[in-house]
Amino acid sequence: MLIDSHCHLLSSEYIDVNEEIKKAIASGVERIIINGIDVKSSIEAVELSKKYKEVYAAVGIGPENVYDVTESDVKKIEDISLNEKVVAIGEIGLDYYWTKENKDAQIKILKSMLKIAKKRKLPVIVHNREATDDIYSYLKEYNVTGIMHCFSGSVETANRFIKLGFLIGIGGVVTFKNAKKVKDVVKNIPLEAISLETDSPYLTPEPYRGKKNNPDKLPFIVSEIAKLKGVTNADVIKQTGTNVRSKFDL
Ligand code: NI
């Protein structure tokens, strides 16, 4: 099953989210997990998931949106996580590349999101930039699994997260010529540990790099992974679909 496990179709980069979803479905994408980044986009993701059988929602507050988050915002995420088409808490995480100045606030929100995931027995979709050791320790502490989205670390780091029960999210970056690190990760971890994602509207794969992304670009990511692993495109679609569905109720 062809699954986009991570995208942001509610981004203001798009004119019409419904058109983007229809385009993705028409191209053969069978499941799309729209990730919220704050309360507003999480609520909207849930509403869209009710409209399309192929669409599911991840709800959460991401590391770039931790300013002015109130207790009631956290409570709202917890409340909407009860919806039957919410399959994960995400996008959540830590981003020390973007800024370290609000590290404490980022950690506080991450913990509140992990608490919800644990309580609801939901997997998590995690953003990590230059915060591997902190992320690892909190995921371990809260005993959750899910996806390390847009993985950009080493093979060794990938294996640490795989051991913890996580899938490694591979997106458009793997098609970039200079992405040796991500290509190495794909070559050296089992196909059973990979999930596909576009992170739309960002990180559009070659040959469309630089343009606005849509889940309909997944086949370019599939082909590159198939090439790197010496398997067929169908093998990649089948196995990654099985991987995601073993953790997410899709
Ligand atoms: Ni994202």
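The axes of helix 2 (residues 39-51) and helix 3 come within 10 Å and cross at roughly 15°. That makes helix 2 roughly parallel to helix 3, a label for angles under 35 degrees. The model is predicted; local features need pLDDT of at least 70, side-chain atom pairs count only at pLDDT 80 or more, and totals for chains, interfaces and linings use all residues. Residues are numbered from 1 along each chain as its sequence is written, and side-chain values use heavy atoms, without hydrogens or water.

Helices here are DSSP runs (H or I, at least four residues), and strands are runs of E of at least two, numbered from the N terminus. Axes are lines fitted to C-alpha atoms, for helices over the stretch in contact, and angles run from 0 to 180 degrees between N-to-C directions.

Helix 3 (residues 71-80) also packs against helix 4 (residues 103-120). Helix 3 is roughly parallel to helix 4 as well.

| Pair | Angle | Axis distance |
|---|---|---|
| Helix 2 and helix 3 | roughly 15° | within 10 Å |
| Helix 3 and helix 4 | about 25° | 10 Å |

In helix 2, Val-39, Ser-42, Ile-43 and Val-46 meet Asp-73, Lys-76, Ile-77 and Ile-80 of helix 3. Contact means heavy atoms within 4.5 Å.

A nickel ion is held by His-6 (NE2), His-8 (NE2), Glu-91 (OE) and Asp-199 (OD), at 2.1 to 2.6 Å. Donors are N, O and S atoms within 2.8 Å of the metal (3.2 Å for Na, K and Ca). Glu-91 lies in strand 4 (residues 86-95) and Asp-199 in the loop between strand 8 (194-196) and helix 8 (218-229), so the pair ties together parts 108 residues apart in sequence.

Terms used: Parallel < 35°, antiparallel > 145°, perpendicular 65-115°, else oblique.
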